[in-house]
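Dear colleague,

I am handing over the structure below for your records. My notes on its charged residues follow.

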Amino acid sequence: MKVCVITDNLYIYEQFVDLLQRKPQDAEFDFYYATWNHAFREKFGENGGMRPIKLREQGDEFFNAYDLFISLHCKQLFPDKMVTEHTCINVHPGLNPYNRGWFPQVFGIMNHLPIGVTIHKMDTELDHGPILWQKRLELRDEDTSKEVYERILATEMELVEEHLLDLLTGNYALTPMADEGNLNTKQDFEAMREIDPDKPATYGEVIDFLRAMTHAPYKNAYYIGKDGKKVYVRIELERED
Ligand code: 0FX
């Protein structure tokens with residue numbers, strides 16, 4: 001069996017390779033990243049087990065070479081032909097159908113929507129399609145995006161490890177999404193970043209917004225200072241002992 005794994009996330013890639021070393025599978029794995037992922041290109045170049053690929057430029061020869069495609073935080077859209085004619089599985093850092101798309105925990109914290117991890121069969125819509133396995137995570141009062149994201153990554157790898165053999169052997173049920181849920185884009189995230197100091201909000205809303213946008217080392221939320229320069233804002237939350 002040949003499996004094509006496509007990822008743009010170094011942590012998940014390394015965890016997955018580690019998993020295959022600890023628990024060898026009766027399958028051959030090839031790894032790819034998006035051609036425009038410069039960090040990966042610098043690290044892996046064009047050779048070795050990790051190669052750059054533009055999925056929309058591939059034809060049947062490439063697609064037919066594999067029995068299974070796995071997206072581990074792959075940042076390119078899978079072409080319709082690929083998801084309709086082949087088995088494509090997505091490991092998504094959100095609890096479908098809530099917060100499909102970009103940075104699920106950020107929008108989950110801000111909009112009080114469930115947070116978690118989903119492994120699903122892909123269809124022609126983003127982070128959409130019948131669910132194989134998923135796990136909900138609880139949001140703690142002192143969580144920022146960063147802490148939640150770290151638990152999400154760990155949970156993703158736990159789910160993958162628990163079900164990898166089932167995935168490879170097709171031993172799973174497909175549960176349709178309960179409803180369409182909601183979808184957030186990169187543009188939605190970008191549009192939230194500038195704080196309007198005149199916008200009325202409750203303290204609760206402000207705290208939730210800032211903890212959703214707090215994810216070091218990223219500089220997400222900001223307001224414009226008197227000199228016209230951006231002033232970045234992060235929040236620090238600490239639960240009493
Ligand atoms: O790889 P990934 O964790 O996931 C993203 C999408 O959220 C996901 O839905 C999609 N399936 C996948 C292909 O791409 O993204 P990341 O490594 O760019 O970011 C990880 C977290 O870091 C993100 O959830 C929030 C935080 N972050 C990231 C960036 C780039 C920020 O807070 N600000 C940023 O500018």
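Glu190 forms a salt bridge with Arg193, with 3.1 Å between the closest N and O atoms; a salt bridge is a side-chain nitrogen of Lys or Arg within 4 Å of a carboxyl oxygen of Asp or Glu. Arg193 is buried, at 15% relative accessible area. Salt bridges with shared partners also link Lys2, Glu28, Asp30 and Arg51 into one network.

Please note that this is a predicted model, in which local features need pLDDT of at least 70 and side-chain atom pairs count only at pLDDT 80 or more, while totals for chains, interfaces and linings use all residues. Residues are numbered from 1 along each chain as its sequence is written, and side-chain values use heavy atoms, leaving out hydrogens and water.

The structure holds 15 salt bridges. One of them joins Lys81 to Glu85, whose closest N and O atoms are 3.1 Å apart. Both residues lie in helix H4 (residues 80–85), four residues apart, about one turn of the helix; helices are DSSP runs of H or I with at least four residues, numbered from the N terminus. Lys81 counts as partly exposed, at 35% relative accessibility.

Lys54 forms a salt bridge with Glu57, the closest N and O atoms lying 3.7 Å apart. Lys54 is partly exposed at 28% relative accessibility, whereas Glu57 is exposed at 55%.

Yours sincerely

Technical notes
Buried < 20%, exposed > 50% of the residue type's maximum accessible area, 1.4 Å probe, protein only. Helix = DSSP H or I, 4+ residues; strand = E, 2+ residues; numbered from the N terminus.
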